[in-house]
Amino acid sequence: MTREKQIILAARVVSMIFTPFYLPILGLVVLFFLSYLNQYQASYKVMVLAVVYLFTILLPTLLIHFYRRYQGWSLTELGLKERRIVPYLISILCYFTCLYLMEQMHIPYFMRSIVTAALIIQIVCALINVWWKISTHTAAIGGVAGALFIFSEVFRFNPTWWFCLVILVAGILGSSRMILRQHILSQVIVGFLVGVVCAVVGIVYL
């Protein structure tokens, strides 16, 4: 395998691991470790994570996969701006359903706020996509950065090392999306900034 093919393969692996749908799960895991939410029983934490995983990762991933296979498109072809509308709608519907169930189950606000922030990121990216292709991958990692900043202020913990990790992942992820020619630099940067702003708004004001 040539060096170029190795780099492309690595970029694909990074894009698959850091799917845009991971934001709610990652945010909840951080909360369970670094806030008063760690006092909840393990069974309750697992139940919350299971619900969030089902509606924010498993279902949207499967439904988008089936839609792509039905259309006969490759992953690259699905990445075209005009073909991202239905996947956005699928993910938004799944996130709405997750948020509704969490409210019905009376799950605490800060847990729900993470899904709310992720939902706002999906909606804003979908609206921007009508005119311009934006990176939802970097929007998701930007959402992690925004949520981390707010939670560090609320729960009074030092986020320095977490921020360093997030920025490192954001750089690797953004580079991967450009290597795969799915986005240009401006789309990657704007995606990250949109994620930060949406996370802050979703957690603080909604």
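Modeller: Gladly, and keep in mind that this is a predicted model. Let's begin with a cut-off: buried means under 20% relative accessible area, exposed means over 50%, and partly exposed lies in between.

Colleague: What makes Y44 partly exposed?

Modeller: Y44 has a relative accessible area of 22%. Buried would need a value under 20% and exposed one over 50%, so Y44 counts as partly exposed. Y40, at 30% relative accessibility, is partly exposed too.

Colleague: Why are Y40 and Y44 called stacked?

Modeller: The structure holds six aromatic pairs. In the pair of Y40 and Y44, the rings are 5.0 Å apart centre to centre, with 20° between the planes. Pairing asks for centres within 6.5 Å, and stacking for planes under 30 degrees apart, so Y40 and Y44 are a stacked pair.

Colleague: And what makes Y109 and F110 edge-to-face?

Modeller: Their planes are 65° apart at 5.2 Å centre to centre, and planes over 60 degrees apart count as edge-to-face. F110 is buried, at 18% relative accessible area, while Y109 is partly exposed, at 32%. Ring pairs also link Y109 and F110 with F151 into a cluster.

Colleague: How do you know that helix 6 is oblique to helix 9?

Modeller: The axes of helix 6 (residues 109-129) and helix 9 (residues 185-204) come within 8 Å and cross at roughly 140°. Roughly antiparallel would need an angle over 145 degrees, and roughly perpendicular 65 to 115, so helix 6 is oblique to helix 9. Their crossing is right-handed.

Technical notes: Residues are numbered from 1 along each chain as its sequence is written. This is a predicted model: local features need pLDDT of at least 70, side-chain atom pairs count only at pLDDT 80 or more; totals for chains, interfaces and linings use all residues. Side-chain values use heavy atoms; hydrogens and water are left out. Buried means under 20% relative accessible area, exposed over 50%, partly exposed in between (1.4 Å probe, protein chains only). Axes are lines fitted to C-alpha atoms, for helices over the stretch in contact, and angles run from 0 to 180 degrees between N-to-C directions. Helices (H or I, at least four residues) and strands (E, at least two) are DSSP runs, numbered from the N terminus. Angles under 35 degrees count as roughly parallel, over 145 as roughly antiparallel, 65 to 115 as roughly perpendicular and the rest as oblique. A crossing is left-handed if the near helix is turned anticlockwise from the far one by less than a right angle, and right-handed if clockwise.
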